[in-house]
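Let's take a walk through this fold together.

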Amino acid sequence: MSTNYEVVHLPERERYELRQEGATIGYLAASGSGDTLLMPYIEIQPAHRGKNLSSVLLRRAMEHVRQSGLKVRPLCPVVAAFLRRNSGFQDLLAA
């Protein structure tokens, strides 16, 4: 099994997708206007759960948010917990 995962930002679909070998195995909903993205939902396909892939997706999405000069408003408890546990991304929280 490959451990190479790709995270792709798809603003037209309002999400970040987690892909393995070209197949989408999870996504993070991310919509908004201006400089703030609302993140209400994250989903990993059942066959891929239990592999810490939410953290892979969230870490790479937050790196993209930072590079883009954006902020986030976590509406999903999983996203909020990730940001609490990873203090290096707390500067991305919208006021």
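Met62 is buried, with a relative accessible area of 0%; here buried means under 20% relative accessible area, exposed over 50% and partly exposed in between, using a 1.4 Å probe and protein chains only. Met62 belongs to helix 1, where helices are DSSP runs of H or I with at least four residues, strands are runs of E with at least two, and both are numbered from the N terminus. Please keep in mind that this is a predicted model, in which local features need pLDDT of at least 70 and side-chain atom pairs count only at pLDDT 80 or more, while totals for chains, interfaces and linings use all residues. Residues are numbered from 1 along each chain as its sequence is written, and side-chain values use heavy atoms, with hydrogens and water left out.

What does Met62 touch, not counting residues up to four places away in sequence? With contact taken as heavy atoms within 4.5 Å, the partners of Met62 are Met39, Val72, Val79, Phe82, Leu83, Phe89 and Leu92. One of these, Phe89, is 27 residues from Met62 in sequence, yet the two are 7.0 Å apart in space, C-alpha to C-alpha.

A nonpolar core is a set of buried Ala, Val, Leu, Ile, Met, Phe, Trp, Tyr and Cys residues joined through side-chain atoms within 4.5 Å. The largest one has 24 residues, and those with the most contacts inside it are Tyr16, Leu28, Met39, Met62, Val65 and Val79. Two or more residues each come from strand 2 (15–20), strand 3 (23–31), strand 4 (36–44), helix 1 (53–68) and helix 2 (77–85). Helix 1 gives the largest share of this core, six residues. In soluble globular proteins, nonpolar side chains tend to be buried together.

Leaving aside residues up to four places away in sequence, Met39 touches Tyr16, Leu28, Ala29, Ala30, Met62, Val65, Val72, Arg73, Pro74, Leu75, Cys76 and Val79.

Five strands form an open sheet in the order 1-2-3-4-5, with mixed pairing; two strands pair if DSSP finds at least two bridges between them. Strand 1 (5–10) and strand 5 (71–74) are the edge strands, each pairing on one side only. On average, neighbouring strands of this sheet are turned by 30° against each other, direction ignored.

Let's follow the pairings across. Strand 1 and strand 2 run antiparallel and are joined by six bridges; Val8, for example, has Glu17 of strand 2 as its bridge partner. Strand 3 and strand 4 are also antiparallel, with five bridges between them, and Ala29 has Tyr41 of strand 4 as its bridge partner. Four residues lie between the strands in the hairpin of strand 3 and strand 4, and Gly34 there takes a positive phi near 70°. Strand 4 and strand 5, by contrast, run parallel and share four bridges, with Leu38 finding its partner in Arg73 of strand 5.

Helix 2 lies across strand 3, strand 4 and strand 5, running at about 125° to strand 5; axes are lines fitted to C-alpha atoms, for helices over the stretch in contact, and angles run from 0 to 180 degrees between N-to-C directions. Which residues of helix 2 are buried? They are Val79, Ala80, Ala81, Phe82 and Leu83, and their cover includes strand 3, strand 4, helix 1 and strand 5.

Finally, the rings. Rings of Phe, Tyr and Trp (its six-membered ring) pair if their centres lie within 6.5 Å, with planes under 30 degrees apart counted as stacked, over 60 as edge-to-face and the rest as tilted. The whole structure holds two aromatic pairs. Tyr27 and Tyr41 form a tilted pair, 6.1 Å centre to centre with 45° between the planes, and this pair links strand 3 to strand 4 across 14 residues. Tyr27 is partly exposed at a relative accessible area of 25%, as is Tyr41 at 40%. Phe82 and Phe89 form a stacked pair, 5.9 Å centre to centre with 25° between the planes, and both are buried.
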